[in-house]
Each structure stands twice: as C-alpha cells, then as structure tokens.
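Dear colleague,

I am passing on the structure we spoke about, and below it you will find my notes on what turned up when I went through it. Please read them with the model open beside you.

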Amino acid sequence: MAEPGTRIVTATWDDPEVFGFDGYRAAGGYEGLRAALGMSAAEVIDVVKSSGLRGRGGAGFPTGVKWSFVPQDTEKPTYVVANFDESEPGTFNNREIVEREPHRFLEGVAIAAYAVQSHTAFVYCRGEFLWPGRILGDAIADAYANGVLGDSVLGSGYRLDVVLHRGAGAYICGEETALLSSLEGYRGQPRLRPPFPAVEGLYASPTVINNVETLANVPSIMTRGAEWFAAIGTEKSPGTKIFSVSGKVERPGNYELPMGTPLRTLLEEHAGGVLGGKRLKAWTPGGSSTPMLTDEHLDVGLDFESVAAAGSLLGTGAIIVMDETDCIVEAVRRLVAFYAHESCGKCTPCREGTWWVSRVLARIEQGYGRAEDLPLLDELGRNILFKAFCALADGAVSPIQSSLAHFRDEYERHVAEHRCPFTGGGPGLGSEPVPSEVVA
Amino acid sequence: MTDVLSPELRAEAQAITSRYPSGRERSAILPLLYLVQSVEGRVTQEGLREVGQILGITTAEVEAVASFYTMLRLRPTGAHVVSVCTNLSCALRGANDVLGAALEAAEITEGEEVSPDERITVHEEECLGACDAAPVIQIDFANHDRVTPDRVRELVASLRAGEVPEPSKGEAPEDFRDASRILAGLDGDRGERA
C-alpha cells in the first residue's frame, strides 16, 4: 500500500501554473501520451488493464477491459466520448478537474483515443457548465496550437480531433446510451443494451465512453506504470478516488484519497467534521442515487467492495452529509422530486412511480401522512426497482428504501404527530417552508 | 415574417454543423437551437422551423428535441435567467430561503416564471455540480457561490438596474442571449480569459 498522502489527479492542483498548456507541459504533462504513442494500441490497453483502473462515473467497470471490447479491424470509424455531463446530485469532482487542470483530462482523452485507434473524440460537457466548458474549449485550442491534437499528435503521425459538445440540461444524458442519443441529435433517452456502445455506440459505430475522472487517471498510469497504480488503494479497487463532500460539513470540497479510506478519516481529518459539531445522521456514499448510510457506518472503507458490503454503492464518491437536525423525510422528498423531474418519461414505473412517491412523501412531511403510507412506499419502491429501462429509476429507489430501513421511526413520527418534528428546529431542511405542491 | 437567422448567422450555423462528421449533421441540433435562442432570447416556432430547415428535418422533430432540454426555453423568458439550485446539498445550506428571496426580489408571483418588467426569469434548478459552494445560484449560467437570501436580493436588484454582477469564477455573459451564443460554441472572439 502506497503512502496515505498519495494523490494522482489532484497532485499538482496546488500549482496554479498547471492550468495552462505551458505550465502543464513544464510539470511533465503530455509525457503519458508520448509514452503511449511509443507503444502499440494493444500495449496501451494492456497497461491500463493491468493497472486495475475502474470507471469513476459510478459503475466501476474496468477501464482497460472496456477499451478491449472495441473490435479490431472494423470498417467503421471508432469514437471516444468523454462523459463530462456531471449531474449526479452531490458530485462536483469532474468540474474541478477541468477547472484546475484541463490538460490532464485532455491527455487522458488522447491516450484513450489512441488505445482504440479513434480519430475523433467528443467531450459531452454539461450545458450548465458554461465556464468549465469555456476553459475546456480554450484548452482544446491550445492543444491544437501546440501539436498535441490534430494531424500528427506530438509528431507521431497519429491524427486526432477533439470536439466539444455542450448538453442542454438533462440529468439522464449522464447515462451513457442516453448521452449517445443526445449527441446524435435526439431526445436523451436510453437505448437497449446489447448492443453495447463498444460495438454499436455513436452513429452505430464502436464507441468508448469514459468519465472525466477516469480519463484524468490515465496519464499517470502511462508514466508511472500499472504496478505503481495498482499498489494504491485496495486490491480490487486500486488507485484513488476524488470524494466530493457537501452538506453539513465544516469544509465542503473535493478530497482525493486512496480507495478504501474510511468515511471517518475523510469526514474528520479532511472535511473538518460535521458542521457545528453536530451528530452525523445520514450520508450518501456516492451521490443521491446510492442508498443512505448512517453514523453506524463511519468506519466503512470507501471502495467499491466495502461500500457494497455495507449495503450501498460507491457511485461517484459524492458524500452528502446530513446531521441530527435534518429531516430525512424532507431530504428524501427533495431527492425523489429530482428523479421525477429528470425521468425521461420512457418507462411507466419510473415516470409515474417517482411522481407518486414524491407526492406521498410531501403529504407525510406536511402532516397529512396516513398509517398505510409506509407500506405504500415500500410497495412503490419494489414496483419501481429494476422495473425500468435504465438505472435512473433504481437511483430514485435508493433513498426511499434506505431511509425506510434506517429511519422508519422518523416516518412514523411524522404520521403519528401529524407534523414534521424538525420544523422550527434550527437551520437545516427541517426549518424550510413546506413544499407548495398540493397534498392530495 | 423576418428570419431569425441573418445571412451571417446562417454562415455560423454551417460552421457549427461542420464540427460533426459528414452525414451526421443532426448532431448539431443543440448548438443550432442555442444559436436561434441567442437571437430571440428563447426558442420560438420560427426558430424551430429554421433549425429544421438547416438539418433537413421537420419542425415537429426539432420541437421534440428542444422540449426535452431545460436550457432551451420555449416559453417567454426574461433577459436574465436566475437558476437557484434547491437540490439536497444546497437545501441543507438554506437554498429554499434563497429561492424565496429571488422570487420575491424579482416580484415573480406564484405560478409565474418571468418578472413583471420582463427582466428576470427565476428557475428552480436541479443540482448544479457546485455543492462545495452551496447554496449556489447561476445568473445566465455564471456561478454565484455561497449566496444568502440578502445576497440574492442584491444580485436581483443589480440585474433589474441593468448591471451584470461579477460571478464567483470566470466571466459573466451579458445576458441570457449572450450565454446562449457561448453555448452554441461561438465565443472564440472573446480574447484572453482568466
């Protein structure tokens, strides 16, 4: 195990010079790409495979394996699409990667493209990221001007174009097949898999889709080697993760730590503990679509396996912290309202179910809950989970089922007392005005 | 009826479609919709029709796409769009009060989206991916971090007075139309940026 302070993606963030092309180059940037260009494409894939790097966008699929699924000797063009549609609630590490060091990410894009012999890469940038998108546009222009992109990447004769494509406000486009639909100029609705994008993705051509953080890890793997990377973190979840910490903590922010670091370390040593010294009530390990955990899970290691063993998912590594004064029912209502808003409408369980649950939660929060509402929520959760086309619906069920499992007594108090027990209880969700929607 | 896209903008539209592989011009639909939005401050039926004309698809097909995405405004919209995140991380830091203050300062009544002076649209936003700065709002997609109800009142007041407040990071678009032009990818003429 490498020393605890190991940072990969954020290693040079303290140096403001790495923001620009020259500074990034001076700090050793684009040497990973140069190393890759000195190998065959298959060798690059082998290095990334043996590093054990897994996708940071939520699913944790091994990156090198994903690349190896792209068929060789295809007649069709091959595409790389970088997923910068960061919008899982609580997640903000992709944005900071691009704002701080856009070239590290672009270098990862170029290495991935070379590995699958693609000559066109797209960056799907979330529309609301107006400023990060402009940073990226400038970085792409600088990379062309300096011979890192274009007809002969670093003088190698390998040609690569990178196109910045901006989304227009739709959470579902972070789902890879919905993203492809959107990039092709359609509504962002998910598609059936198989065929998987590696075989039939963008324009029905072989396509690799990777998250920004995943790609930003690749340059260091090329310069420092697969073994170096694999020694960081845990055996099955190698490397680091940039944890986005928000909500009721003293120091919200992005913290890059080795995979497997316990929440207690992240929360207490890095994020400054729970805001105002209050007690931790609930937290999400990987954004709003991962089941909530509680203060009983402070020592869970933040890696794919340990979080799964605790009954949740590492997801995007977005830790949203709620304290003892925050109302779980209102928190879950707000999250489910998000999924209801962002449901693409394709599948009935998701489209109707998320809306229905958000209404039931609203009436419980407003003091109109009924005893039969809790079994109703259980049943609705079961009827949404795994019954829709993509994972958006499953994400909506996570806060519902996990909160009912860990905080059922809080729901019961709302129903029994005909009010939210947290209203007027100081700053936090509990003191917020009740939702204005009609309670039926 | 005058065209939404002038001959100059039609040339820019061609430049936008040429970013995508030949035969895949439909991929340019979002930037083209941003382009017509940059002219009219929203997307009108005529704008939809002209995008369809450029791409060789029907107005209905364009509308089917445009209506899917919240950043394309098919309804009347103020000169500035104030987006207030009220998702969980921001709500935990008081975003509901920020939203209330923004609506009140813009004098937007319940059920309305645009202020009576047509200067401002207040839009309740989903997570903006800036939860370290909660509660966060955007004015024409430029971020304002850690806002309080008082701060949002000041920001709305300056917009109503015709000023564009300095964002927490980067450079503010002049208004929603200008932001749409940037989103169409036509911001190469802006020179040096911090």
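In chain B, strand E1 (residues 80-85) and strand E3 (residues 137-139) run antiparallel and are joined by three bridges, and one of the pairs to look for is Val84(B), whose bridge partner in E3(B) is Ile137(B). Please keep in mind throughout that this is a predicted model. The two strands belong to an open sheet of four strands in chain B, ordered E2-E1-E3-E4, in which the pairing is mixed. Strand E2 (120-125) and strand E4 (142-144) of chain B are the edge strands, each pairing on one side only, and the twist from one strand to the next averages 25 degrees.

Chain A also has an open sheet of four strands, here in the order E3-E2-E1-E4 and with parallel pairing. Because E3 and E4 of chain A stand at the edges with a single partner strand each, one side of each is left without a neighbour in the sheet. On average, and ignoring direction, neighbouring strands of this sheet are turned by 20 degrees against each other. Within the sheet, strand E1 (residues 79-84) of chain A pairs with strand E2 (residues 120-125) of chain A over six bridges in the parallel sense, and Ala82(A) stands opposite Val123(A) in E2(A). Helix H9 (residues 212-224) of chain A packs on the sheet, where it touches E1 and E4 of chain A, and its direction makes about 95 degrees with that of E4(A).

Tyr203(A), found in the loop between H8 and E4 of chain A, has a positive phi of about 50 degrees although it is not a glycine.

Turning to the helices, the axes of helix H13 (residues 328-342) and helix H14 (residues 348-365) of chain A come within 8 Å and cross at roughly 155 degrees, which makes H13(A) roughly antiparallel to H14(A). The crossing is left-handed, and the residues that make the contact include Val332(A), Val336(A) and Tyr339(A) of H13(A) together with Trp355(A), Leu361(A) and Ile364(A) of H14(A). By class, this contact of H13(A) with H14(A) has eleven nonpolar, two polar and three charged residues.

Which element gives the largest share of the side of chain A that touches chain B? It is H13(A), with six residues. The contact between the chains takes 52 residues from chain A and 42 residues from chain B, and those of chain A divide into 22 nonpolar, 16 polar and 14 charged.

As for confidence, the predictor gives the complex an ipTM of 0.96 and a pTM of 0.95. Chain B has a mean pLDDT of 94, and 96% of its residues reach 70 or more; over residues 189-194 of chain B, however, the pLDDT is below 50, and this stretch has three contacts in the model beyond near neighbours in sequence. Where pLDDT is low, the predicted coordinates should not be read in detail.

With best wishes

Conventions: Residues numbered from 1 in each chain as written. Chains lettered and ligands numbered in written order. Predicted model: local features only at pLDDT ≥ 70, side-chain atom pairs only at ≥ 80, totals over all residues. Axes fitted to C-alpha atoms, helices over the stretch in contact; angles between N-to-C directions. Parallel < 35°, antiparallel > 145°, perpendicular 65-115°, else oblique. Left-handed = near helix turned anticlockwise from the far one by under 90°. Contact = placed C-beta atoms within 7 Å. Nonpolar A, V, L, I, M, F, W, Y, C, P; charged D, E, K, R; others polar. pLDDT = per-residue confidence, 0-100. Pairing = 2+ DSSP bridges.
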